[in-house]
Amino acid sequence: MEFALATVIGTLTAAGVYLLLRSRSFDMILGLTLLSYATNLLIFSAGRLVVGKPPVIRPGVATTLAHYTDPLPQALVLTAIVIAFAMTAVTIVVAMRSRADNGDDHVDAGGERMP
């Protein structure tokens with residue numbers, strides 16, 4: 001299970017970096033989204049991969065980590081999802097404005113564009 005999750009995280013990161021290095025704004029937005037997914041999975045996997053254990057303390061059950069899962073990574077991932085959604089929305093608005101102003105969706109790093 002850990003190997004499969006590490007492979008998925010690595011694949012999402014590689015695809016996200018590849019798309020970020022493209023010269024179109026749509027590719028850049030997709031790359032940022034894939035990187036945010038990879039980050040969320042990495043944070044979630046940091047809290048141990050357990051199935052069927054609650055993140056809150058129940059009465060009558062010992063309060064050891066053997067009976068519960070860590071709720072902190074889950075809370076961090078929920079926060080990261082909201083932040084990634086807001087970041088994606090702002091990036092889309094900036095890309096739309098750039099396309100409206102320039103007539104092209106080419107992402108330019110400040111230099112002259114080659115014809």
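Modeller: Leaving aside residues up to four places away in sequence, T88 touches I29 and T33. This is a predicted model, and T88 sits in helix α3. T88 counts as buried because its relative accessibility is 18%, and the cut-off for buried is under 20%.

Helix α2 covers residues 25-45. It has 21 residues and spans 30 Å from its first C-alpha to its last, close to the 30 Å expected at 1.5 Å a residue. An α-helix has 3.6 residues a turn, so residues three or four places apart point the same way.

S25 belongs to α2. At 12% relative accessibility, S25 is under the 20% limit and therefore counts as buried. With residues up to four places away in sequence not counted, S25 touches A95, D105 and V107.

As for confidence, the mean pLDDT of the chain is 85, with 93% of its residues at 70 or more. Confidence is highest in helix α1 (residues 2-20), at a mean of 94, and lowest in helix α3 (residues 71-102), at 89. T88 is found in that helix α3. Where pLDDT is low, the predicted coordinates should not be read in detail.

Conventions. Residues are numbered from 1 along each chain as its sequence is written. This is a predicted model: local features need pLDDT of at least 70, side-chain atom pairs count only at pLDDT 80 or more; totals for chains, interfaces and linings use all residues. Side-chain values use heavy atoms; hydrogens and water are left out. pLDDT is the predictor's confidence in each residue, from 0 to 100. Helices (H or I, at least four residues) and strands (E, at least two) are DSSP runs, numbered from the N terminus. Buried means under 20% relative accessible area, exposed over 50%, partly exposed in between (1.4 Å probe, protein chains only). Contact means heavy atoms within 4.5 Å. The expected span of a helix is 1.5 Å times one less than its number of residues.
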